[in-house]
Amino acid sequence: MIGTVLIGLFLLALVAGMPLATGLGVASIAVLAMAGFDQLAVPTNIYAGIAKYPLLAIPMFILAGMIFERSGVAIRLVRFVTAIVGEWTGSLAVVAVLVSMLLGGISGSGPADAAAVAAVMLPSMIARGYPKGFSAGLIAASGSTAIVIPPSVAFIVYSVMVPAATVPALFAAGLFPGMIAALCLLVPAIVISRKYGFGRDYKAERPPLGKSFIDAIWGLLAPVIILGGLRTGIFTPTEAAVVAVAYGIFVGMVIYRSISFKGLFRILVEAGELSAVVLMIIGIASVFAWAGNTLGIFDVAAKALVGLHSSEWLMLLSINLLLLAAGMFLDAISIFLILLPLLVPIAVAMGWDLVWFGVMMTINLAIGQFTPPMAISLMITSRIAGIGMEETFKWVIWLVLAMGAGLTLMIVFPQLALWLPGKLGYL
């Protein structure tokens, strides 16, 4: 009964249009009051939810992503990749995917990645005859892979909630599946572009490879420094986020000189506001998770679900469908905080590796970021393109299927995720 009230009140709050954090708080406080708990449990658990050292990396990676976005790294990466790919029918679609994958190794955030690439690439794609709906959909889809390719903010939150899965293990496990998911998008991107002749009649001079590489080298070094420092043990994931910020400031203010002190202050303010929203959701969702665990709600639900599905594959299918549906409406961090207390006991009961399970969850949520009706990355790119989201629907369905194929490969062949962390000694 009390579990029904918790979930029911939360869903009712969302339907009523309340902000996510408010809905979580209302449901949690009401259930704790019904169970006779002291309401001091609410502020105590909010503090406990955010007073965790690994979470310091979240505002730092958010800040790093914004700094690299404003510093001009994205436009230089576009020129470099264009110099490699060349100019042909569908070439800019390929460039969009590859640049998003490179930026994903810096920002750790799908929406931030999509926004940075869209701001740079949309004008060029539209000028070459690519429809706005196709361009916005493709950039949103390729940008979403940033939460799978390390460093990933989503993996940091997952590791905090599932201590058995360390951040280095998750970062290593996400590398190949994230790249496969991004490369799967190249298939529909190229096929659709060639079918409709996108960019066929546009002739442009190919950027010189050497000069483009020199211009882009500072951006290309960012993921090498971050991941290389993690691998060699020079710094922890949280320290890596701070190093990324310092490196981004150095590149933007000293090398490219595209960020002024005034501009840096504006970036700090925006990053602080966004970080506050994320940490507020994490804090209040911690109360929701604590209430469900303390009252035994999630354990009962997990046992019921395990008993419902005798087949491991049926259970996997059910979980993936649940995550895909949730990803259409909520961001990855919120879904982790809400569903992990329910799903982790199921994964343990099924004997699944929790690192592999985290990567599987994250790819599902990446797909949700560009799947209508409430896809956050698609919403951002559509707004930058100046179109309604409905103009992207006929293109996005093929991108969803393509990344779904990459997810299926990772599920059928778990070693795609587990080989690298095992080789590096993280498992």
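**Fold, surface and selected residues**

Me: How many helices and strands are there in the chain?
Reply: This is a predicted model, in which local features need pLDDT of at least 70, side-chain atom pairs count only at pLDDT 80 or more, and totals for chains, interfaces and linings use all residues. Residues are numbered from 1 along each chain as its sequence is written, and side-chain values use heavy atoms, with hydrogens and water left out. Helices (H or I, at least four residues) and strands (E, at least two) are DSSP runs numbered from the N terminus. On that basis the chain has 20 helices and 0 strands.

Me: What radius of gyration does the chain have?
Reply: The radius of gyration is taken over C-alpha atoms, and the globule rule is 2.2 Å times the number of residues to the power 0.38. For 427 residues a compact globule would have a value near 22 Å, and the chain agrees with this at 21 Å.

Me: What share of the residues in the chain is buried?
Reply: Buried means under 20% relative accessible area, exposed means over 50%, and partly exposed lies in between (1.4 Å probe, protein chains only). Of the 427 residues in the chain, the buried share is 55%.

Me: Which residues make the nonpolar surface patch of about 350 Å²?
Reply: Patches are made of residues with over 30% relative accessible area and no salt bridge, with like charges joined within 9 Å and nonpolar side chains (Val, Leu, Ile, Met, Phe, Trp, Tyr) within 5 Å; a salt bridge is a side-chain nitrogen of Lys or Arg within 4 Å of a carboxyl oxygen of Asp or Glu. Areas come from the Shrake-Rupley method with a 1.4 Å probe, and for residues only the protein chains shown count as cover. Helix 10 (residues 167-196) gives the largest share of the patch, 3 residues. The patch is made by Phe176, Met179, Leu183 and Trp419.

Me: Is Thr392 buried or exposed?
Reply: Thr392 lies in the loop between helix 18 (376-385) and helix 19 (393-412). Contact means heavy atoms within 4.5 Å, and, leaving aside neighbours within four places in sequence, Thr392 is in contact with Gly133, Ala136, Gly137, Leu378, Ser382 and Ile387. Because its relative accessible area is 0%, Thr392 counts as buried.

Me: Which residues does Glu312 touch, not counting residues up to four places away in sequence?
Reply: Glu312 is in helix 15 (residues 312-327) and is partly exposed, with a relative accessible area of 37%. With that exclusion, Glu312 touches Met350 and Trp352.
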